[in-house]
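Hi,

Here is the structure I promised to pass on. Have a look at it first, and my notes follow below.

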Amino acid sequence: MFDGYLNVAKSCKSCGLSYGFADSGDGAAWFVMLFVCVVGVGSILGVEIAYAPPYWVHILLVIPVLILMPLLLLRPVKGFLLCQQWKTKAREGRTGS
Ligand SMILES: [Zn+2]
């Protein structure tokens, strides 16, 4: 489905389905950002409240979590949203008549 990290391929390599319909916009980034902010900041606050570690521990824990989690989640979430877009035949909204 992907041609590179996040670029959508022109068509499916298995069945030839054209991905011309695919336009998830910034939906995947939005969902990943929401999840990472809630889980990431929640766990950071949890560690601070439970253990009160020195700041360098926060840096060692937080930077990998806040960088790696979005990188790991962005591709599967985008794939899921594109599959849902195809399944429900969702298209961009139109205004006027
Ligand atoms: Zn296919």
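G27 sits in helix α1, where helices are DSSP runs of H or I with at least four residues, strands are runs of E with at least two, and both are numbered from the N terminus. G27 counts as partly exposed because 16 C-beta neighbours lie inside 10 Å. The cut-offs here: buried takes 20 or more other C-beta atoms within 10 Å of the residue's own, exposed takes 12 or fewer, partly exposed is in between, and C-beta atoms are placed from the backbone. Along the chain G27 is 55 residues from L82, yet their C-alpha atoms are separated by 9.8 Å.

Before going on, two notes on the source. This is a predicted model, in which local features need pLDDT of at least 70 and side-chain atom pairs count only at pLDDT 80 or more, while totals for chains, interfaces and linings use all residues. Residues are numbered from 1 along each chain as its sequence is written.

Now the overall picture. The secondary structure amounts to 2 helices and 0 strands. The radius of gyration is 18 Å, whereas a compact globule of 97 residues would come out near 13 Å (taken over C-alpha atoms; the globule rule is 2.2 Å times the number of residues to the power 0.38). Along the principal axes, the C-alpha atoms fill a box of roughly 55 × 35 × 15 Å. Of the contacts between residues at least 6 apart in sequence, 67% join residues at least 24 apart; a contact means C-beta atoms, placed from the backbone, within 7 Å.

How do the helices pack? Helix α1 covers residues 27–51 and helix α2 residues 55–87, with an angle of about 150° between them and their axes 9 Å apart. Axes are lines fitted to C-alpha atoms, for helices over the stretch in contact, and angles run from 0 to 180 degrees between N-to-C directions. That is why α1 and α2 are roughly antiparallel (over 145 degrees; under 35 is roughly parallel, 65 to 115 roughly perpendicular, the rest oblique). Their crossing is right-handed, meaning the near helix is turned clockwise from the far one by less than a right angle, with anticlockwise being left-handed.

On the α1 side, the residues that meet α2 include F31, V32, F35, V36, I44 and V47, and among their α2 counterparts are L61, V65, M69, L73, V77 and L81. By class, this contact has 18 nonpolar, 3 polar and 1 charged residues (nonpolar: Ala, Val, Leu, Ile, Met, Phe, Trp, Tyr, Cys and Pro; charged: Asp, Glu, Lys and Arg; polar: the others, Gly among them).

Two other α1 residues may be worth a click. V38 is in α1 and is exposed, with 10 other C-beta atoms within 10 Å; its C-alpha is 12 Å from that of P70, 32 residues away in sequence. E48, also in α1, is exposed with 12 C-beta neighbours inside 10 Å. E48 and L72 are 24 residues apart in sequence and 25 Å apart in space, C-alpha to C-alpha.

Finally, the backbone. Most residues other than glycine have a negative phi. A52, in the loop between α1 and α2, has a positive phi near 45° and is exposed, with 8 C-beta neighbours inside 10 Å. K89, in the segment after α2, has a positive phi near 55° and is exposed, with 7 such neighbours.

Cheers

Terms used
Contact = placed C-beta atoms within 7 Å.
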